[in-house]
Amino acid sequence: MKRRFLLKAAAALPFALPFTFPGAASAAPLRRRVRPGDAGWPSATAWDDLKRSVGGRLIKLDAPFAGCAAGPDAPACTAALARLKNGFDMGDQPNFTHTSGWLDAWSSQPSAYAVAARTAADVAAAVDFARTHDLRLVVKGGGHSYQGTSDAPDSLLVWTRHMNDVRVEPDFVAHNCGGAPQPAVTLGAGAMWIDAYDAVTTRAGRYVQGGGCTTVGVAGLVQSGGFGSFSKRWGTAAAGLLEAEVVTADGEVRIANACTNADLFWALKGGGGGSVGIVTRLTLRTHALPATFGAVFGKVRAANDAAFRALVGKVVAFYAESLCNPHWGEQISFHGDNTVDVSMVFQDLDEAGAARAWAPLLDWLRGRGDYTFEKPFKVMALPARHFWDAAFYREHAPGFMVADPRPGAPAHHVIWKGDTEQEGWFIHGYKSAWLPAQLLDVKRQAGLADALFRASRHWSVGLHFNKGLAGAPAAELDAARATATNPAVLDAFALAIIAGGDDPHFPGMPGGPVDAPRGHDRAQAIGRAMDALLKVAPHAGSYVSESDYFLRDWQHAFWGANYARLAQVKRKYDPDGLFFVHHGVGSEAWSEDGFTRLGA
């Protein structure tokens with residue numbers, strides 16, 4: 001165990017106390033999970049027994065680029081490199097993750113074995129095996145975790161990718177709850193959001209609140225809180241959870257809803273994936289679909305710093321007056337080259353209505369000589385039912401979405417073209433902060449604009465308006481308030497994200513080592529940018545799925561006052577800490593790699 005693991009864990013011991021057993025001696029020996037080669041590692045016979053119990057679906061894993069040891073032209077190496085261009089193919093491999101690592105933090109390394117689960121019984125068998133043999137357990141559905149929680153060397157992986165059934169339910173009633181039936185959709189834990197949108201929106205003509213990236217897993221996003229393009233209208237994905245099937249640390253398959261295991265149900269709604277159990281099935285409410293969805297794109301350049309300062313201030317005031325409402329979502333970015341990039345979406349407006357909303361800002365820009373349009377402003381609207389419709393894009397907007405090119409791939413498996421750029425990326429730095437709506441008050445707008453300008457001198461700043469709920473309908477705020485997500489999101493008008501990375505750097509991949517000095521310089525610049533922004537929001541929370549790996553006060557940043565209650569749920573359903581993820585509930589009681597528990 002590395003010395004820094006001990007130091008970091010010791011610093012967090014005050015938070016770990018709720019997870020120690022009453023009467024445990026403070027000088028008790030450290031408890032370590034077993035690794036390959038340890039005396040307690042399961043025998044070949046034991047692994048064979050597990051394989052039989054899961055219907056043969058136990059896979060021994062190698063590193064995805066292990067074949068490159070024979071040279072970059074080796075067939076296994078070229079096949080692995082080709083997968084980096086197809087997120088669907090990457091997700092179909094148990095040894096791949098969509099992020100290849102984080103500088104000085106983690107590197108994508110596969111588990112020793114994976115159970116390719118198809119049923120809750122498969123998951124329960126894997127949980128029982130890991131608990132019995134004291135193994136490090138990892139769960140992967142979509143595999144998009146920036147924090148590296150989708151894999152871990154020397155572990156047993158529960159891989160839910162094949163649990164991807166989707167069933168639209170016009171009249172769902174939660175188990176043991178009664179009440180009036182309501183429209184919903186039930187999804188297996190391995191389903192991606194494109195599977196959900198295809199079934200619910202394209203085919204059934206309704207809406208389910210989910211993620212923006214189509215290859216992200218449904219279960220992981222819901223458990224993290226979950227924001228999509230239209231969160232300002234329909235709240236968080238977690239708030240839409242009606243029921244879940246979950247395997248807890250004792251190997252029991254439980255139903256969790258508002259009436260059965262209600263405390264576990266609450267923890268699953270935003271308490272972080274992989275901390276209190278393994279979700280195998282979810283049911284989410286669906287909503288009536290508006291007539292239209294649409295988007296606004298454009299990019300403006302200011303002639304000099306003074307003009308850019310004025311532009312930032314104008315954008316802040318314009319957003320506060322015209323866009324902080326349920327119609328609008330997505331982001332505006334401020335860059336160090338004195339440009340502002342607009343990539344917004346809207347719902348329940350036609351093109352003319354959306355254009356009218358932006359007219360005041362565009363008239364202001366066109367009336368001054370200090371601004372040029374690097375990308376012309378475009379407003380597009382389409383019938384909402386076609387927003388994720390692969391066939392519609394192939395006919396009317398080829399290239400806007402990218403299809404899975406493999407023979408036999410589902411026709412609806414498409415991803416937004418812009419999202420393909422992050423496949424396999426290697427992170428240098430990633431910081432986020434929920435910005436409170438009070439900053440949009442007329443008297444505070446200048447301070448916010450100045451902070452954004454100063455931050456942009458160090459790194460680009462993106463304001464993701466759909467990841468803050470200020471301006472959402474009261475009913476959606478109430479629903480989000482009943483989740484485990486940090487209550488700060490209720491009053492946040494945006495999540496500010498400042499991040500940067502590099503091309504993929506998987507272990508064993510051709511291309512040379514990571515350029516650490518360059519990465520450190522970039523990470524420091526990202527840190528300086530966030531420091532400048534936090535001058536106006538010094539106590540801002542952070543979103544668990546999009547946050548700094550090295551965040552110190554992560555318990556409060558991710559969950560605020562909800563953390564104490566989450567700790568109680570963790571202690572009830574997983575007292576021995578079988579489920580571990582970096583900066584997950586209860587993880588402060590363990591070493592950074594999840595293999596050593598302190599003081600137990």
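Analyst: This is a predicted model. Start with a helix pair: helix H3 (residues 44–53) and helix H6 (residues 120–133) have axes that come within 9 Å and cross at roughly 160 degrees.

User: How are H3 and H6 oriented relative to each other, roughly parallel or roughly antiparallel?

Analyst: Angles over 145 degrees count as roughly antiparallel. H3 is therefore roughly antiparallel to H6. The crossing of H3 past H6 is right-handed.

User: Which residues make the contact between H3 and H6?

Analyst: H3 contributes Ala 46, Trp 47, Leu 50 and Ser 53, while H6 contributes Asp 122, Ala 125, Ala 126, Phe 129 and His 133.

User: Which residues touch the most other members of the largest nonpolar core?

Analyst: That core has 80 residues, and the ones in question are Trp 193, Leu 268, Leu 284 and Trp 388. Beyond its neighbours within four places in sequence, Trp 388 is in contact with residues including Ile 194, Tyr 197, Phe 230, Phe 293 and Trp 416. Another core, of 57 residues, lies apart from the largest one, and Leu 435 and Phe 453 are among its members.

User: Now a single residue. Is Asp 548 buried or exposed?

Analyst: A residue counts as buried under 20% relative accessible area. Asp 548 has 12%, so Asp 548 is buried. Its place is in the loop between helix H16 (516–533) and helix H17 (554–559).

User: What does the side chain of Asp 548 make a polar contact with?

Analyst: The partner is the side chain of Lys 431, at 2.8 Å. Not counting residues up to four places away in sequence, Asp 548 also touches Trp 102, Gln 147, Tyr 430 and His 583.

Notes:
Residues numbered from 1 in each chain as written. Predicted model: local features only at pLDDT ≥ 70, side-chain atom pairs only at ≥ 80, totals over all residues. Heavy atoms only, no water. Helix = DSSP H or I, 4+ residues; strand = E, 2+ residues; numbered from the N terminus. Buried < 20%, exposed > 50% of the residue type's maximum accessible area, 1.4 Å probe, protein only. Polar contact = N/O pair within 3.5 Å; in protein donor to acceptor, adjacent residues only side chain to side chain. Contact = heavy atoms within 4.5 Å. Core = buried A, V, L, I, M, F, W, Y, C linked by side-chain atoms within 4.5 Å. Axes fitted to C-alpha atoms, helices over the stretch in contact; angles between N-to-C directions. Parallel < 35°, antiparallel > 145°, perpendicular 65-115°, else oblique. Left-handed = near helix turned anticlockwise from the far one by under 90°.
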